[in-house]
Amino acid sequence: MINFFSRALSKILDRFDNDELDEAFKSFISGNEISQTKAMNKIIPISFDANDLSFLGFQVTMLLSCQSIEARQVGFRAASLFLQPSSPYVEMMPAIFRKAIRTDELIIPALKSMSFYINPFVFHSIETELYTIIESSSDVGRKYALTIMFKAYLNDSSIIPKLIQYIRGAIFQPSLKYTALAILCEMAQRNPLEVGSLFNMLVSEIPIATPAAFTKISRILKALLQLNASLAIDLEKPLSQFITRQSDPISLTDAAVVLSQVQLSPTIYAQLGTKLQNIIAVDTNPNITACVLSALKMMSRRFKPSASIISPSIDSVDSSIRGPAIAIRAISAKDQRSSGELYRFITETKDIASVSELLQISRNDGPIFVSIISGLYDLAIPGTLPLIADAIKSISDSNTQKLFLKEISETIFEPPDDIVGLAIASAISEWSTDPEDIRVLIPPLIATKSELYQASMITYATSFWLRLQFEIETGIVNRLAVLTQSSFHEVRSAASLFLDLINSIPIESDDS
């Protein structure tokens, strides 16, 4: 072990031209407790530049076994840097931890260190001691103990009942409230069901919450409301009380996030909206203005801000201010001029949030809507493909469907290999009455596309053909025959089924 340690550390130290580190290396190999502590203090700073110092785990545990409090404090600091949850040396830490917490000076260093490499085995080995600390230790110790429980929960869901029990108590203690809410927020993002039992308690905290606490509460509520929108019925009164006493822009913005998820009485939207637009009128901080405008945009279908307050922001050179302001006006006006203004902003900034707003406020019929869909796809804004695909599927007016198909026939040779391409193929399959469109669904280069694309296009083509039942040209049949030899099972099956249908269903020729 010593020879391995010597070779490994030598390679690390070769990167540093420092006599002190050479001396530290020698002390670690053959020095006493004091010199080893000093040596570790020298080695710790280089850990940020070294790739992997996990081989130091054995030396760390040796240092933690010393009698000196200073040596063990340094050892715990080193352990937090060099040990990983999967390290074999971690199995030695429960015994070291139990011994350390008998000394007041070592409780916090031991807890802080343990939070970096806790795993289910270590947690269950020290859980009795952790529960004692949570119930009776100092505030700092209890915070670290809760953090350790949370990190252990990430890999062991059996801890949830006990963790929820202690969080329930911690929320009512000012010194632990924020830590408890931060943990709940993370749990809600992973699985809202795990924190659902605390909904009523969180609601009772809303009227008295600080801005920092409400930020966490709002995120938890958002996750819970997405799971069960009926919970909103209990939110109106506490949220109204919070809005009444609150003037912090960030807190009011967080309230808007919650309210945008639910449908409550118009009164509370007017209450919050009035406060938000008053902030814009008096606050000159551009960051606050952008934040508040975004909040107003979220509520703009339930609260119409004053045009005189919003208008100056439309001319702002800051896109984070101008974008929400343009969207608010477009949502309120619902006219082609405002929609065109928002579209021009999107072409300039490639703002995905504005794309969502534009598609929501645009009527899903008429040539303008078709042009918007086509233009947004050409902009290739990351993250917008699902929005564009949903917009295509939303077209229900037969005239707009014809306009869309005409646009497709004039602008593309084959549907693109993405979610929008599949939406286009679905539209052709359901709306088209032109047999020639089979060439778009089974294009010449279909065999070079993705497995999902090939299988989906054949399926849409099959549905299209079954609806119209027309004679298929030899070139299409040949492409299908090639696809029956595909290495993908779904493609082979879809192509074989289509060919079987073509051969089994007689089609009357136009000449007969």
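Let's start with a cysteine. Cys-291 is partly exposed, because its relative accessible area is 24%. This is a predicted model, so please keep that in mind throughout. Now take Cys-185. At a relative accessible area of 4%, Cys-185 is buried. How many disulfides does the structure hold? The count is 0.

Next, the aromatics. There are 7 aromatic pairs in the structure. I'll take one of them in detail: Phe-404 with Trp-431. Their ring centres are 6.1 Å apart, and their planes stand at 80 degrees. An angle over 60 counts as edge-to-face, so this pair of Phe-404 and Trp-431 is edge-to-face. Where do the two residues sit? Phe-404 is in helix H24, residues 398-411. Trp-431 is in helix H25, residues 419-431. The pair therefore ties together parts that are 27 residues apart in sequence. Are Phe-404 and Trp-431 buried or exposed? Both are buried.

Stay with the rings. Phe-123, Tyr-131 and Tyr-166 make up one aromatic cluster. Look at Tyr-131 in that cluster. The charged end of Lys-162 sits over the Tyr-131 ring, 5.1 Å from the ring centre. Lys-151 has its charged end over the ring of Phe-116, at 5.5 Å from the centre.

Which element gives the most? That is H21, with 4 residues. By class, the lining of this pocket has 4 nonpolar residues, 6 polar and 4 charged.

Now the backbone. Most residues other than glycine have a negative phi. Two residues here go the other way. Ala-380 is not a glycine, yet its phi is positive, at about 55 degrees. Where is Ala-380? Find the loop between helix H22 (367-379) and helix H23 (385-393). Ala-380 counts as exposed, because its relative accessibility is 58% and the cut-off for exposed is over 50%.

The other residue is Gln-469. Its phi is near 50 degrees, again a positive value in a residue other than glycine. Gln-469 also sits in a loop, this one between helix H27 (451-468) and helix H28 (474-483). Is Gln-469 buried, partly exposed or exposed? With a relative accessible area of 38%, Gln-469 is partly exposed.

One last stop: Ala-79. This alanine belongs to helix H5, residues 69-82. Its relative accessible area is 0%, so Ala-79 is buried. What separates the C-alpha atoms of Ala-79 and Val-60? The separation is 6.2 Å, for two residues 19 apart along the chain.

To recap. The pair of Phe-404 and Trp-431 links helices H24 and H25. The second largest pocket draws the most lining residues from H21. Ala-380 and Gln-469 have positive phi values. That's my tour, and I'm happy to go back to any of these sites.

Conventions:
Residues numbered from 1 in each chain as written. Predicted model: local features only at pLDDT ≥ 70, side-chain atom pairs only at ≥ 80, totals over all residues. Heavy atoms only, no water. Phe/Tyr/Trp six-rings, centres within 6.5 Å; stacked < 30°, edge-to-face > 60°. Buried < 20%, exposed > 50% of the residue type's maximum accessible area, 1.4 Å probe, protein only. Lys NZ or Arg CZ within 6 Å of the ring centre and 35° of its normal. Nonpolar A, V, L, I, M, F, W, Y, C, P; charged D, E, K, R; others polar. Disulfide = S-S within 2.5 Å.
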